[in-house]
Amino acid sequence: MLHQFLREEDGAQVVEYALIIAVISIALVVALQALTTGNSFSNFITRVATCLTGGTCT
């Protein structure tokens, strides 16, 4: 039974997807921190919302 459990590979894909999601999440956090240096995150979101709704982008 233990031998069969060790040979089971179904869970490997789940672990791989979790690692990919973790790397992408870390990259997004780093990118957002770089974009918001000197400004608060809410100001950044406000600027993006303004650009998306047709306002003047800064």
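Leu32 is partly exposed, because its relative accessible area is 31%; buried denotes under 20%, exposed over 50%, and partly exposed the range in between (1.4 Å probe, protein chains only). Leu32 belongs to helix α2. Apart from neighbours within four places in sequence, Leu32 is in contact with Phe41 and Phe44, contact being heavy atoms within 4.5 Å.

The model is predicted: local features need pLDDT of at least 70 and side-chain atom pairs pLDDT 80 or more, whereas totals for chains, interfaces and linings use all residues. Residues are numbered from 1 along each chain as its sequence is written, and side-chain values use heavy atoms, leaving out hydrogens and water.

The protein contains three helices and zero strands; helices are DSSP runs of H or I with at least four residues, strands runs of E with at least two, numbered from the N terminus. Just after α3, Gly54 adopts a positive phi of about 95°.

| Residue | Relative accessibility | Class |
|---|---|---|
| Leu28 | 52% | exposed |
| Leu32 | 31% | partly exposed |

Of the 58 residues of the protein, 3% count as buried. The protein exposes about 5,300 Å², of which carbon and sulfur atoms supply 68%; accessible areas come from the Shrake-Rupley method with a 1.4 Å probe, and for residues only the protein chains shown count as cover.
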